[in-house]
Amino acid sequence: MENTKNSESSGSAINVNENEQELQNNIEKLVTALPQENSYHFRQYKYNGTWFPSFSIRGVISSQLLFQADESDIFLASLPKCGTTWLRALIFSIVNRGRYKPKDSPLLFKPPHDLVPNIEIDHFRDGLPQNLEQLSRPRIFTTHVPYASLPNSIKASNCRIVYVCRNPLDTVVSYWHFLNSMVKNNNASARPKRIDDEFLNEYCLGIQAYGPFWYNTLEYWKVSLEKPESVLFMTYEDLKEDPIFQLKKLASFLGFQFSAEEEAEGLIEEISTLCSLGNLKSLEVNQKGIRLSIIPVSAYFRKGEVGDYVNHLTPSTVETLNKLVEEKFAGSGLVFKSKLITGE
Ligand code: A3P
């Protein structure tokens, strides 16, 4: 029987047994027919109710068709700028602590993105799977795709998914800084000094990479309540407040619980220090290099504060965003913390 899968939004069927060229052509046809917006920095495509940036839409579609989950896989899901880099480093260190002590960690020599790649951007970027064979088990992946748009093989498995979210006001500020540090904008004097209205309007309309943010977050939130053994919902703010407690919770969820000896030896604190913003930012490997031809690796490590938005948003923007968040998350039980937490 033919193995034909539906690419969910358009209803057009793509045959996964087609040769590579045909598959890529069909994905291309599908992408061309999607609703598109030229948003703040790149073109976005609306697919399955979500805005996907031009550099990941093909990877999203092809990974839906071709990615085969393994029961031991671990997925770190998030919206950009919510703490993905931090969680990459933490999950990698927890899971691989039998192989590497913190002082010998590969994190000292490689950026977290290279150790924990993203499915749709790194492995399926051009429509075909790349570099999946060489990964050690358990495989750890990141994804920005909302739960409903994950490859079915992930949803049908018992894989563990960790979702990290962050209060939307700090996220939008972080996102703004990030976009403005991209290589094409690296002339510091030409960068806008203040977050502009066009960018904020798009964010409020949900036109942001992998947004609307409320849809992406609420989906994982709901699944985490229904299937807490499969989805762990974490927040950037909780991690800042009590990293040790959160690390223990994360390790237990992943099936890599810390032993009493490890705790007594201070291993949890060591991992927390290794993965801290101050430490990762100070490493040469995270100060040089360009990711995806356009993003300086250093742009992933900025200030890492909770409540930094007060330094960048006007009181009226804060009010507008707070109202939007209240409205979109009403009745969900999800409440964001945004009081100032600075330092490591
Ligand atoms: P700020 O821009 O507010 O400083 P992502 O990794 O999802 O792209 O998120 C980037 C945000 O996480 C940035 O926030 C960045 O500074 C912060 N960050 C990166 N690594 C971190 C770490 N190890 N600990 C805490 N925050 C970190």
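Analyst: In this predicted model, the ligand is surrounded by 18 residues, and the closest of them are Lys81, Thr84, Thr85, Ser174 and Gly304. Sorted by class, this shell consists of eight nonpolar, six polar and four charged residues. Two helices, α3 (84-95) and α14 (277-282), each supply at least two residues of the shell, and α3 gives the most, with three residues.

An N or O atom in the side chain of Lys81 lies 2.4 Å from an oxygen atom of the ligand, while a polar side-chain atom of Arg302 is 2.7 Å from a ligand oxygen atom. Of the 570 Å² of accessible area that the ligand has on its own, the protein covers 97%.

From α3 the chain can be followed onward to Arg97, which is found in the loop between α3 and α4 (112-115). Arg97 has a relative accessibility of 12% and therefore counts as buried, the cut-off for that class being under 20%. The side chain of Arg97 reaches back to the backbone oxygen of Ile94 at 3.0 Å. Leaving aside residues up to four places away in sequence, Arg97 touches Phe256, Gln257, Phe258, Glu262, Leu267 and Ile271.

Technical notes:
Residues are numbered from 1 along each chain as its sequence is written. This is a predicted model: local features need pLDDT of at least 70, side-chain atom pairs count only at pLDDT 80 or more; totals for chains, interfaces and linings use all residues. Side-chain values use heavy atoms; hydrogens and water are left out. A residue is near a molecule or strand if one of its heavy atoms lies within 4 Å of it. A polar contact is a pair of N or O atoms within 3.5 Å; within protein, one must be able to donate a hydrogen and the other to accept it, and residues adjacent in sequence count only if both atoms are side-chain atoms. Accessible areas come from the Shrake-Rupley method with a 1.4 Å probe; for residues, only the protein chains shown count as cover. Helices (H or I, at least four residues) and strands (E, at least two) are DSSP runs, numbered from the N terminus. Ala, Val, Leu, Ile, Met, Phe, Trp, Tyr, Cys and Pro count as nonpolar, Asp, Glu, Lys and Arg as charged, and the others, Gly among them, as polar. Buried means under 20% relative accessible area, exposed over 50%, partly exposed in between (1.4 Å probe, protein chains only). Contact means heavy atoms within 4.5 Å.
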